[in-house]
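Okay, thanks for coming, everyone. Let me put the structure up on the screen, and then I'll walk you through a few places in it.

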Number of protein chains: 2
Amino acid sequence: MTMTQEQLAVSVAIASWKNTVGRADKIFSVFTEEQFLREVVPGKNRIIYLLGHLTTVHDAMHTILGLGERLHPELDAIFVTQPDGAIETLPAVSDLMKHWTEVNSSLFEKFASLSPKEWLQRHMAMSDEDYAKDPTRNRLNVLLSRTNHLSYHLGQIILAPK
Amino acid sequence: MTMTQEQLAVSVAIASWKNTVGRADKIFSVFTEEQFLREVVPGKNRIIYLLGHLTTVHDAMHTILGLGERLHPELDAIFVTQPDGAIETLPAVSDLMKHWTEVNSSLFEKFASLSPKEWLQRHMAMSDEDYAKDPTRNRLNVLLSRTNHLSYHLGQIILAPK
């Protein structure tokens with residue numbers, strides 16, 4: 001298999017995203033329903049909230065990367081614009097886990113449809129002018145930033161009492 | 001300024017690393033000496049340990065990326081091979097902060113000496129055979145992996161009681 005240099009660079013970034021999502025899958029898979037309701041640290045986010053938050057932020061990547069409609073826009077009002085505790089009844093863990101898996105599968109499938117050149121083009125929240133000023137604000141940048149966002153919250157989730 | 005596609009891809013990854021190190025600098029800069037000695041969560045790593053751990057792991061990037069000798073190999077035995085609490089007296093916070101800044105500056109300077117092609121070549125902990133099997137195990141992969149490692153621990157550090 002011969003890859004161009006830019007194909008290789010993009011593959012490394014997608015592999016890093018996939019690997020981090022896989023770590024999250026493993027971590028979530030061992031929690032009981034009751035453990036999902038625990039706070040990672042007293043007074044901070046519950047794991048169920050972080051699961052919903054990560055699902056919603058990943059789902060929004062469909063829009064920002066220009067990969068079609070997001071699957072669950074209704075989650076925004078629960079897990080992004082509101083902090084944990086503001087909404088009395090959260091969706092069931094089993095539904096959120098279904099959304100989490102579905103959103104990440106959809107993204108991963110659509111990532112393959114982008115050429116390396118498209119990964120290096122501006123993302124959808126950037127104007128042409130801003131992009132001309134800073135060409136690193138492209139789709140690849142969004143992918144790395146969301147991978148780091150996931151790692152950040154995984155570091156927290158792992159601290160929750162078992 | 002015109003960049004090739006692979007230059008652009010590598011720049012995005014270096015910018016993501018730099019941005020995450022910058023976030024860490026900001027977080028560390030507001031801690032008092034006393035706060036550095038707090039555990040992020042009762043029974044887990046102290047912030048001073050995570051500062052030393054991150055410094056040591058970053059320092060080792062010199063070796064794995066083939067960028068010359070690491071600056072503080074003596075930290076390995078304190079912050080990587082031993083967990084927090086195993087070593088009675090840790091180095092002073094002020095020394096660790098100096099090392100942290102020095103290590104990251106050295107790395108950032110040396111990153112600029114690598115061509116995009118070199119970023120996409122195998123890293124130093126890989127044999128030629130293993131690399132032939134998986135060409136994504138290159139320097140860029142190490143950079144992304146260390147950026148995620150930093151984000152993971154930043155997510156924890158931010159939870160420490162103020």
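Before anything else, one term: when I say polar contact, I mean a pair of N or O atoms within 3.5 Å, and within protein one of them must be able to donate a hydrogen and the other to accept it. Also, please keep in mind that what you're looking at is a predicted model.

So, let's start where the chains meet. How many residue pairs are in polar contact between chain B and chain A? The count is 6, taking pairs with both residues at pLDDT 80 or more.

L120(A) sits in the loop between α7 and α8 (128–133) of chain A. Is L120(A) buried or exposed? Its relative accessible area is 2%, so L120(A) is buried. Look at what L120(A) touches beyond its neighbours within four places in sequence: on its own chain there are Y131(A), P135(A), N138(A) and L140(A), and from the other chain Q5(B), L8(B) and A9(B). By the way, L120(A) and E109(A) are 11 residues apart along the chain, and their C-alpha atoms are separated by 18 Å.

Next, helix α7, which we can look at in both chains. In chain B, α7 covers residues 116–119, and W119(B) lies in that helix. W119(B) has a relative accessible area of 0%, so we call W119(B) buried. Setting aside neighbours within four places in sequence, W119(B) is in contact with quite a list, including V10(B), I14(B), L65(B), F111(B) and L143(B). N141(B) is 22 residues away from W119(B) along the chain, yet 8.7 Å separates their C-alpha atoms. Over in chain A, K117(A) is in helix α7 too. K117(A) is exposed, because its relative accessible area is 54%. K117(A) and L8(A) are 109 residues apart in sequence, with 12 Å from C-alpha to C-alpha.

Now for the inside. In soluble globular proteins, nonpolar side chains tend to be buried together. In this model, the largest nonpolar core has 100 residues, and F28(A), F111(A), I157(A), F28(B), F111(B) and I157(B) are those with the most contacts inside it. Take F28(A): leaving out residues up to four places away in sequence, F28(A) touches F36(A), I47(A), L51(A), L54(A), M97(A), W100(A) and I157(A).

T20(B) is in helix α1 of chain B, and at 4% relative accessibility T20(B) counts as buried. Its contacts, not counting residues up to four places away, are T147(B), L150(B), S151(B) and L154(B).

Finally, charges. Over all chains, the count comes to 8 salt bridges. In chain A, D76(A) pairs with R70(A), with the closest N and O atoms 3.2 Å apart. In chain B, R70(B) and D76(B) meet in a salt bridge, also listed at 3.2 Å, N to O. D76(A) is partly exposed at 26% relative accessible area, and D76(B) is partly exposed at 25%.

Another salt bridge joins D95(A) and K98(A), at 4.0 Å from N to O. These two are 3 residues apart in helix α6 (residues 93–111) of chain A, so about one helical turn separates them. D95(A) is partly exposed at 33%, whereas K98(A) is exposed at 56%.

One last stop: D84(A), in the loop between α5 (76–79) and α6 of chain A. The side chain of D84(A) makes a polar contact with the side chain of R46(A), at 2.7 Å.

Definitions and conventions:
Residues are numbered from 1 along each chain as its sequence is written. Chains are lettered from A and ligands numbered from 1 in the order in which they are written. This is a predicted model: local features need pLDDT of at least 70, side-chain atom pairs count only at pLDDT 80 or more; totals for chains, interfaces and linings use all residues. Side-chain values use heavy atoms; hydrogens and water are left out. Helices (H or I, at least four residues) and strands (E, at least two) are DSSP runs, numbered from the N terminus. Buried means under 20% relative accessible area, exposed over 50%, partly exposed in between (1.4 Å probe, protein chains only). Contact means heavy atoms within 4.5 Å. A nonpolar core is a set of buried Ala, Val, Leu, Ile, Met, Phe, Trp, Tyr and Cys residues joined through side-chain atoms within 4.5 Å. A salt bridge is a side-chain nitrogen of Lys or Arg within 4 Å of a carboxyl oxygen of Asp or Glu.
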